[in-house]
Amino acid sequence: MSAAPKSPAPLSAAAFGERLARLDPGKRVAVAFSGGPDSLALLILAAQWAKKSKHRHVVALTVDHGLRAEAAVEARTCARMAKSLGVPHRTLRWQGPKPASGLQAAARGARYALLGAACRANQIDSLLVAHHMEDQAETFLLRLARGSGVDGLAGMAFVRQLEGVGGGQPLRLLRPLLDVPRAALRAVVTRAGLQAIQDPSNNNLRFDRVKARQLLADLSVLGVSPQRLADTAGHMGRARQALDTATTGWLHAHATLYSTGHIEAQVSALLDVPDEIALRVLAEMLKHVGARAYPPRFDALSGLWAALLDGSLARARTLNGCKLQLCGDQLLVIREAAAAMKAEPVSVKRAQPVLWDGRFIVTLKRRPKGAGSLVVRALGMEGLRALASLAPEAPLAPKAALPALPALWEGDKLVAAPHFGTIDPDYVLKAEIRRHGLFAGS
């Protein structure tokens, strides 16, 4: 008679501390806490980590999406559990109307926006989330089903940057449990004698992730385990890192990001590299200039590359919020004026940097007493017409890039356009292009 399988050992506080130390979390961390078994295990371990030093601080953040009647009760339960662990707790609520379609994606976006804003307001260094080995394996399967390439199959990373808001630095999102089996986390909760919240949606086959979880069990007969899939995702991650290094090298050598936010890239040099690197170069430029977290769809990106290869990119075209045009051997990637005009105006206060259009960190250096409400929005054709009468010196940039530049407005009155020099000496606005992604070190 075969022996019963041993219960998994809980992840120890020491092992968790070592994992977290490798990710350099800083002294002040937050835990995204839903009250489920995984996030509860993470909070238990983070609380133990914080108690080992008086200089460490941890806070639990729970997001109430307002989508289920039980959510408010669960948030209060989260608060009680956090208190029992000696951890301060905050509930963040998703306010306003909810979309009729794409609800899951919208809820995820709202969740990270709320968590990010709370972390920045409380000077948190890192946000910890409880993704574990099985989550990584499920992600691999889901992306495999979508036909993802190297980047998608690399799965989730241990460290990711959440884009900054209000001109602040990006927030570091850490996944210290990504190589830990789910069972070892459930054992942490059992050892602590706590009862986690059980979300019924985790067993609802309407959701693709639940189907992937079921498929993992079926694949085990072939020896395809969560560990194997997570390892494969790790291999793909290393391949992605090598490709990113090659792409970064090309960008630094053959592309220039100007202070006006547009990029000029050498076409002849681009035609000399393998297709994969060329596609990544194009994607990175379109992401940066277009202020997008993701590149365009692959078919659109490959169509652009094909047009460069066969020389048919004679006319300017738009893609990913960008305008692309050739100027001799240079490919110009310019922020599309119509896209910049749609960017939300940002209110500014003196000496407080803010991020506008995902591209410029702007800081109001001077304003006169009694000035009205000041906002940063696109210069647009209206602003260019106002500047025409002042005849300032225009920046060295393609004409198409000028309407998408930031400008300071007091109502309908243009009072500052930082790339054009001083309009009114009583109003001084500084604008710095934000470098991120593979352009961060250039």
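**A glutamate and its helix**

Mentor: Let's begin with E284, which sits in helix α11, spanning residues 275-290; helices here are DSSP runs of H or I with at least four residues, numbered from the N terminus. Please keep in mind that this is a predicted model, where local features need pLDDT of at least 70, side-chain atom pairs count only at pLDDT 80 or more, and totals for chains, interfaces and linings use all residues. Residues are numbered from 1 along each chain as its sequence is written, and side-chain values use heavy atoms, with hydrogens and water left out.

Is E284 buried or exposed? E284 counts as buried because its relative accessibility is 9%, and buried means under 20% relative accessible area with a 1.4 Å probe, protein chains only. The E284 side chain reaches the backbone nitrogen of L438 at 3.0 Å. Beyond neighbours within four places in sequence, E284 is in contact (heavy atoms within 4.5 Å) with L251, H436, G437, L438 and F439.

Now look at the core. The largest nonpolar core has 64 residues, and among the members touching the most others are L282 and M285; such a core is a set of buried Ala, Val, Leu, Ile, Met, Phe, Trp, Tyr and Cys residues joined through side-chain atoms within 4.5 Å. Helix α11 gives the most to this core, with nine residues. L270, also listed among those members, touches W250, A278, V281, L282, W305 and L308, leaving out residues up to four places away in sequence. A second, separate core of 36 residues includes W49, V58, L85 and L177.

Key: Helices (H or I, at least four residues) and strands (E, at least two) are DSSP runs, numbered from the N terminus. Buried means under 20% relative accessible area, exposed over 50%, partly exposed in between (1.4 Å probe, protein chains only). A polar contact is a pair of N or O atoms within 3.5 Å; within protein, one must be able to donate a hydrogen and the other to accept it, and residues adjacent in sequence count only if both atoms are side-chain atoms.
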